[in-house]
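Hi everyone, thanks for making the time. I'd like to walk you through one model today, beginning with a sheet and then moving on to salt bridges.

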Amino acid sequence: MSRAYDVVVVGAGPAGSMSAYVAAKLGLKVLIIDRFRFPRVKPCGGGLTQKSIMLLQSVGIDPEPVIHNYCSKVVVVNNAGSFVITDSSPIISIVSRDEFDNYLLSRALDEGVDYVVDRVMRISHDEDFVKIFGINDTYIGKYVIASDGANSVIAKALGNDIRTSTAIAFMTIAHGNYFDDACILDMTRIKWGYSWVFPRGDGEYDVGMGSIHWGNYRTQLINYVNKLGLREGVVLGHPIPIKHRKILTTKRIVLTGDAGGFADPTTGEGIFYAMYTGALAALALRKSGGPQDFSRNYLNLVDPLIRNLSLAYYVSLGTYGIDNLIMGRLGMSAFSIDGTGNLIKNVMSGRVWYSQVIKSMVKSSLIKGLTVIIRKTLT
């Protein structure tokens, strides 16, 4: 049986590595467990938003060494047309998830975090500690931060149905010659979602498609890649949570990142929310005077985020349903209204939350709807 730790982090992705890094910075004895030896392949679009960059920099991590390319231009395509969003700074910075995740883990290890490769099978806890049972060994921690992804063993053990409230995405690293100066988000290729093309440089493109409606989009993705004049690589699929788990904590366990269901259902962004909730879990540990405090502190810290992402779910329905499938077919879209581009940039940078987006969408939809009625009446 392994020695006891202040906290055992299960999962070494962005949520787990960030929580381990911050917890170690705070002087805690930390063990991180992952079933893979890093670097490992991780299906993902690999886009870091401006708020992700700022979060990394705020904790002393420079993301520059693992950024492949920058997009200061984002092209949004829907049934109403194409809309260009630009900024003087990169809106999206492109990374390869195997390199990025390994980089974050390495930074945590530099802070003295212990790391073992093992597959967690089950957990048990009492008043004083938590036991984590792996295939190779048993690990003991006063607390556990679960960051073991959308198919989280620990989230399921807490009583969550991990199959509900998830979207699905497929991606591939394609090769060839396409736009290198813009990130493409195209809602016309798949219903209730979008396809993406993120240029990684040197003739490589992260291409994928995801939807809140489940399906096997592998063949559809390959056809899309070929229409772009690119050659697909290995196609990988992965779930994306679009609502937070009903049970996020016990006295000694908290769920972070995809394990907790923290991802943006409108944009599909998960990396920021993984790192953010991971950091909050570590901060909740530092402020806690005991198990009850740990759980309560974490829930208090993530509550604004939960409310924000809950609103984002309704924004996703408006974006992919009302705006694209209904208004878009009439040749109209909220993206054509002055200020929408800035609103999107502000959301991606973290300066604006979804309550403001909903107000803007409702206003624009009412205006557009009224315009249609007036035109039909006059003609």
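**A sheet and its salt bridges**

Let's start with an open sheet of three strands, antiparallel in its pairing and ordered β3-β7-β4. Strands here are DSSP runs of E with at least two residues, helices are runs of H or I with at least four, and both are numbered from the N terminus. Two strands pair if DSSP finds at least two bridges between them. The edges are taken by β3 (47-49) and β4 (67-71); each has a single partner strand, so one side of each has no neighbour in the sheet. On average, neighbouring strands are turned by 30 degrees against each other, direction ignored.

Before I go further, a word on the source: this is a predicted model, where local features need pLDDT of at least 70 and side-chain atom pairs count only at pLDDT 80 or more, while totals for chains, interfaces and linings use all residues. Residues are numbered from 1 along each chain as its sequence is written, and side-chain values use heavy atoms, with hydrogens and water left out.

Back to the strands. β3 pairs with β7 (residues 92-95) in the antiparallel sense over three bridges, and Gly-47 stands opposite Ile-94 in β7. Across β3, β4 and β7 lies helix α2 (residues 50-58), running at about 75 degrees to β3. For that angle, axes are lines fitted to C-alpha atoms, for helices over the stretch in contact (heavy atoms within 4.5 Å), and angles run from 0 to 180 degrees between N-to-C directions.

Now, the charges. How many salt bridges are there? Counting a side-chain nitrogen of Lys or Arg within 4 Å of a carboxyl oxygen of Asp or Glu, we get 10 salt bridges.

One of them joins Glu-269 and Lys-51, with the closest N and O atoms 3.1 Å apart. This pair links distant parts of the chain, 218 residues apart: Lys-51 is in helix α2, and Glu-269 is in the loop between β17 (253-255) and α6 (271-287). Are these two buried or exposed? Both Glu-269 and Lys-51 are buried, where buried means under 20% relative accessible area, exposed over 50%, and partly exposed in between (1.4 Å probe, protein chains only).

Arg-296 is partly exposed at 43%, and Asp-293 is partly exposed at 25%.
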